[in-house]
Amino acid sequence: MDFSTTITFNGLIQQFIVGLSRTTILFIVSSGLSLVLGVLRIPNVAHGSLYMLGAFLCYSVATLFGNSPIGFWFAILLAPIGVAIISLATERGLFCHLYDREHLMLLLFTFALMLIFHDAVKLIWGSEYRSLTPPVIFQGSLPILGMPFPKYNLFLLSIGPIVAVGLWFLTQRTKIGKIARAAAVDRDMVGAVGINVSWVFASVFVIGCFLAGLGGALVAPTQNITQGMDHTIIMEAFLIVIIGGLGNVWGALLGALIFGLTDSMGIMILPQFSIVFPYAAVVIVLIFRPKGLLRATW
Amino acid sequence: MPPDGLSRLKWFTLGMAVLIVLALCPQFLPRFFTYLLALILITGLMATSLNVALGFGGMYQFHHAVFYGVGAYSVSLMLIKTNLPIALCFFTAPFASAVLALVMGFICVRLSKLYFGMLQLSLGSLVWVVVYRWYSFTGGDDGLHGVPIPSLISSVSGSFYFTLIVSVVSLGLMYVILNSPFGQILQAIRDNPERSETIGVHVRAHQLVTQVIAGFFAGVAGVLFVTVEGSAFPDLMSWTLSLEFLIMCLLGGWFTFLGPMLGAAIIVSLRTMVGVYTEYWTTVLAIILMLLIFFLPEGVIGYLEGFFKRPDVSTEEDR
Amino acid sequence: MLSVKDVQKSFDRFLAVKNANLEVERGEIVAVIGPNGAGKSTLFGLIAGRLAPDKGRIIFKGKDIGGLASYLICRRGLSMSFQIVNVFNRLTVFENVQVSVLSRLRRAFDLITPSKRVAVEETREILKSVGLSNVENRASGSLSHGERKVLEIAIALGANPELLILDEPTAGMAPDETASTIKLLEYLNSDLGLTILFCEHDIELVFSFANRVMVMRQGVSIVQGTPQEVKDNEQVREAYLGGS
């Protein structure tokens, strides 16, 4: 193998941007996970499967429209909604009976869901991988500071802040967000003042899962859509949520930045072991701050 | 349950009978079933070691498979890359797992419950990802194959006997440990760590020792796996495998000693049987798991025990 | 034996204990009283090492134990029983107490001896002294509230303490259970020579039974003295006893 390890400034910037767009996806997915974990206290292992489902749904809808630009936008919109509907059904049908169980039970229960989703995807889409090309406007690259940047990555970069602001608005400014935050601290209290906690929980769960679906839909044009997607992302999302602080949405952002950037920068230093860097970063953070960087909500 | 002389004799006879039947198995069972039995024993040993920390210690052992994998890799690497005496390789490999458990435990026992589990998960994944990527040393995602095992214990029946002896001894040791003062205090910590601390128990030290013990026996299971399969691969320390072991404990009953073994037997045979008819056997597993969580949260043995012996165990602490 | 000097503890800027002083002599029964939220439980938590004080000193048998881990404090001969029932639910009554004895005998890391053969006589004796012998094989989760409170005390006794601290030992008990618990405490004090520090809501009970009483209010210890002295104290009448 002859890869040159000359690290140029341009290369660094480019890797940085690539890392940031990956961070966006990680943030969207893990903020959803964090929301569910923080408010409902469910360590939702099936979150990664919903991400995978989002990607496959996005592929199918886009193909249905013959890969036209409108089809792509429909797909980006419909895939997360589809995921949200599925999650609403599982919440109402199954989870709402289990809220008072131990975390361990909830974890295993969502693991069961993950297995079912996995088989369902295999049944519907088969085991070959799929790929999706982004619409023409996002193909090619755009020169910034004299360097070419893939347009789709720039598009992703613009989505990240929108989601972050949306989540901030939702949790800080809306009634449901306020109730959810109160419920995260003291569930019985919120129930005692006569608020129907059950539906608040359902909405939070659905929003969290919607984000997983959105992440999946957005990532679909950038990589192969495969069966193994759920495993990788759920591990990463969990680690991000842990280093950020359980249930803290801003923590998820910080965690995603650490994870995404160490990953893309690691490629420049030791390509073979690049994936080791983010994991090592997580461990280092946790050795010094075992409960995460930002304050956990519980 | 105070065992009077008679029932102790009964249990002893029953245990011996089971052992004798097991020992005769390779003589009349087809090779495949002998292999399957060995696999059940190994998986059961692994699940039991997990349950030492989980069911008896109350620790959220989310990533126990790491110790399994490290045991398997250690013995494989030593056999392939060094000229050490074979017996020494077999003997020291579980200690590699124990040392890892000590290091990981040292970091993790500062926290409790979900935080403990999550921290263990992250540390375990680091180990996994290193093994997964380090092609030159661990073989990367291909793993290590054709590990040179001495012929005495590499044949189907040879590996079965080796597995049988080692796992019976290991189970016996774990049984003794769990019924010692150490084990008794461990269960007290599971029920109520704060209270244990105020009666003079050094909770963290106790948990750390438990981690080392659980890790050691997981390492033993890993070594046995290599003996039977002749290979080691990264999936042995994957997180989903860890969750599968958790399911076995839940299925059999995690407040009982033999529950995880039963759970392992059910799941391994189910996988083999259902796997013949459909590739979607994991859905079957998932449905079983869901039913369990809804209807049998104490597992099969736990349920039977509750049914016959202790109708009065309160479930207040489960909330 | 125990002296608490100018101790302070706050949680998130809320001062739970502002300035607490307390003296306990060997062989005494000392009570702490005060309205809800006066900081009694926090004070006991500080003494037993469940919390670390922000300021002040807690001296037990001549050594400062402030901020020491609770397992170490226990090993020095100070044992605590809790207000909220805090037993080992999945263990039997016998095992609950045995665990405590095993810990005191430093058998925690004995991995080999079957625990059936260790500390049996001692455990039985403690169970007998508190009157739980008849239920020793029941799961502790299945006991009545009163029985569990007594088990609480039995667990604390397993550590063979010199000073026993009880946080509201009779809370939620039926009158006859309260009476027998008081009898038990008197027996522990007079026959086994245990020093007892407890806090209680029932003032009548406290005055009938304690040698000395300390009154706390809003995190401050107002006065400590014999029941009569406390009853006569103007500040206490005003603050706590109201017009009675």
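A salt bridge here is a Lys or Arg side-chain nitrogen lying within 4 Å of a carboxyl oxygen of Asp or Glu. In this predicted model, that rule turns up 16 salt bridges over all chains.

One of them runs between chains. The side chains of A:Lys122 and B:Glu279 pair up with an N to O distance of 3.9 Å. A:Lys122 sits in helix 4 (residues 103-125) of chain A, while B:Glu279 is in the loop between helix 13 (259-277) and helix 14 (281-295) of chain B, so this pair joins two chains.

C:Glu162 bridges to C:Arg26 at 3.2 Å, N to O. C:Glu162 is in the loop between helix 5 (145-158) and strand 7 (163-167), and C:Arg26 in the loop between strand 2 (14-24) and strand 3 (29-33), so the contact ties together parts of chain C that are 136 residues apart in sequence. At 26% relative accessibility C:Glu162 is partly exposed; C:Arg26, with 55%, is exposed.

C:Glu162 also forms a salt bridge with C:Lys61, and here the closest N and O atoms are 2.6 Å apart. This second pair again links distant parts of the chain, with C:Lys61 in the loop between strand 4 (55-60) and strand 5 (63-64), 101 residues from C:Glu162. C:Lys61 is partly exposed, at 38% relative accessibility.

Back in chain A, salt bridges with shared partners join A:Arg22, A:Glu236 and A:Asp263 into one network.

Conventions: Residues numbered from 1 in each chain as written. Chains lettered and ligands numbered in written order. Predicted model: local features only at pLDDT ≥ 70, side-chain atom pairs only at ≥ 80, totals over all residues. Heavy atoms only, no water. Helix = DSSP H or I, 4+ residues; strand = E, 2+ residues; numbered from the N terminus. Buried < 20%, exposed > 50% of the residue type's maximum accessible area, 1.4 Å probe, protein only.
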